[in-house]
Amino acid sequence: MRTRTAVAALLAAALTPLTLSAPAAHAATPAAPYDFNGDGYTDLAIGAPGATVAGRSKAGAVSVVHGSAGGVKTSTRRLITQNTAGIPGTAETGDAFGSAVASADLNSDGYADLLIGTPGEDVDGDTNDGLVIVVWGSASGLSGARTVTNPFKREVDHYGQALAAADLDADGDLDIAAGTTGSVALAFVDGPFTRTSSSTGASGAGFPDPYASSYGITSLSVGPVTGAGNTNLVVHGRKSGTDDAITHLVPEPYIGNYTDWMQSLPAGYVSAIGDIDNDGYADIAIGNHRETSADPAGAKGGKVTVVYGGPGGKDTSRAPLALTQDTPGVPGASESGDGFGSHVSFGDVNGDGYADLAIGASGENSGAGMVTVLYGSVSGLRTTGVQSYTQNTSGVPGVSESGDRFGTRVLLTDHSGDHRAELTVSGTGENGGDGSVWSLRGTTSGVTTTGAVSFGPGTLGVSTAGSPTVGAVLN
């Protein structure tokens, strides 16, 4: 029986070996996340967990588009499913392959690797046990894969519904965190990893109230909130007895007892971590798209709360910044169902050294959708010079239509190597649930629609059968 305490219970686990494939000949400085072919450009992984594969509905797929000097390059895309040669398992109905992705150069060979969550996978007769797969990077891109050990198979389901990869215990090796449902809500597989062997431990955290085990850990984000080279974890779930959001920061990088250090954050369903004011401590943006009638921590039309970071985690000397579409300087107006905060992402759009914030509002205008970009500065996030985009914005491909869900996911990252982040937007409702992705370049004056491109299932190789919802997941 779990005790009803403010601190989560720690569940120990025995050392669990992770069997991996043959070593790569290449040895180099570890690649940045999502640079799968080691060419210095960040690639784009697009999850379509609703994709039909070989007639199996919602088996799921991930399409990878490589970065280049010209931005994302769809001509070099690679489609990955569980029917792809070398990928463990077989595409089956409801597997939801691609429900979560993460990336890191796990074996430090100079090529980033891709982690893919498959929370609907049945394993050894256990329905929805879940599976996490690592696909190895190489000079030619992603090739070869293995499963990642589930150290708590009997205690959890939906293993891999959320994923993160980083050095979470400050020992210099990369680790993997996987969200699950069940008594062990968050499972860790400890590095180091190599292609031939690994010496890994495993640990997990079972959450007492107020976390609901039926939802488990639904989202994870990582970043250096406390500075000094540490990597910190933001954890999202639901309150026990309700479906209200609950969010915590783990400011100390100790896998074994991280729950001793949890700090409560404004409740939300997604988050991003980035250094808005370039002070060496990353800040946290938390999106809560729900109305107060559905979640007391929400707001009319949704909201985003920015918490500034410091050496102890939250910087208690600075009040959190609450943003809605009624905030002066933010385009639009707060209306029920706008879904402002449906997704958030940090990146440096204009190359000035300060992290900028993209916010999705996928419910705007009867679900047509909208994206807002606010810019960082030495004093924090600015509410002047704010930009907003819809499919009716000049230069953005397409036309805004009810239910497109433009802004379901947003991503700010540099795919072109010019030190300015591109804005990537997905709209999972485009064309009746096919889904689509848009890419807009960054400039010194902000996001530009000049040269904006969009691409959907046909370009990405995803079947349009059964509403694949391309872009349900981005990097």
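Phe 36 is buried, at a relative accessible area of 0%, where buried means under 20% relative accessible area, exposed over 50% and partly exposed in between, with a 1.4 Å probe and protein chains only. Tyr 34 is buried as well, with a relative accessible area of 10%. This is a predicted model, in which local features need pLDDT of at least 70, side-chain atom pairs count only at pLDDT 80 or more, and totals for chains, interfaces and linings use all residues. Residues are numbered from 1 along each chain as its sequence is written, and side-chain values use heavy atoms, with hydrogens and water left out.

Two aromatic pairs turn up in a search of the whole structure. Rings of Phe, Tyr and Trp (its six-membered ring) pair if their centres lie within 6.5 Å; planes under 30 degrees apart count as stacked, over 60 as edge-to-face and the rest as tilted. The ring centres of Tyr 34 and Phe 36 are 5.9 Å apart and the planes stand at 70 degrees, so this pair is edge-to-face. The rings of Phe 406 and Trp 438 are also edge-to-face, because their centres are 4.9 Å apart and their planes are at 80 degrees. Phe 406 belongs to strand 27 (residues 406-413) and Trp 438 to strand 29 (residues 436-440), so the pair ties together parts that are 32 residues apart in sequence. Phe 406 counts as buried, at 1% relative accessibility, and Trp 438 counts as buried at 1%. A ring also features in a contact with a charge: the charged end of Arg 318 sits over the ring of Tyr 308, 3.7 Å from its centre. The criterion is that NZ of Lys or CZ of Arg is within 6 Å of the ring centre and within 35 degrees of the ring normal.

The chain as a whole has three helices and 33 strands; helices (H or I, at least four residues) and strands (E, at least two) are DSSP runs, numbered from the N terminus. Of its 475 residues, 60% count as buried. Among contacts with a separation of 6 or more, 55% come from residues 24 or more positions apart, contact meaning heavy atoms within 4.5 Å.

Thr 52 gives a local example. Its place is in the loop between strand 2 (44-48) and strand 3 (61-66), and Thr 52 is buried, with a relative accessible area of 14%. Beyond its neighbours within four places in sequence, Thr 52 is in contact with Ser 57, Lys 58, Ser 463, Ala 465 and Gly 466. The C-alpha atoms of Thr 52 and Pro 468 are separated by 6.7 Å, although these residues are 416 residues apart along the chain.

The largest nonpolar core has 20 residues, of which Leu 106, Leu 115, Val 132, Val 148, Tyr 159 and Leu 163 touch the most other members. Such a core is a set of buried Ala, Val, Leu, Ile, Met, Phe, Trp, Tyr and Cys residues joined through side-chain atoms within 4.5 Å. At least two residues of this core come from each of strand 5 (100-104), strand 7 (131-135), strand 9 (156-166), strand 10 (175-182) and strand 11 (186-189). Strand 9 gives the most, with four residues. Leaving aside neighbours within four places in sequence, the contacts of Leu 163 include Ala 100, Leu 115, Val 132, Ala 177 and Leu 220.

An open sheet of four strands runs in the order 5-6-7-8, with antiparallel pairing; two strands pair if DSSP finds at least two bridges between them. Strand 5 and strand 8 (145-147) are the edge strands, each pairing on one side only. Strand 6 (residues 113-118) and strand 7 run antiparallel and are joined by five bridges. Thr 118 stands opposite Leu 131 in strand 7.

Strand 14 (residues 232-238) is largely enclosed by the rest of the structure, because seven of its seven residues are buried. Asn 232, Val 234, His 236 and Arg 238 cover one side, and Leu 233, Val 235 and Gly 237 the other, all of them buried. Strand 13 (residues 219-223) runs antiparallel to strand 14 and is joined to it by five bridges, with Gly 223 opposite Asn 232. Six bridges join strand 14 to strand 15 (residues 245-250), again antiparallel, and the bridge partner of Arg 238 in strand 15 is Ala 245. The hairpin of strand 14 and strand 15 has six residues between the strands, and there Gly 241 takes a positive phi near 85 degrees.
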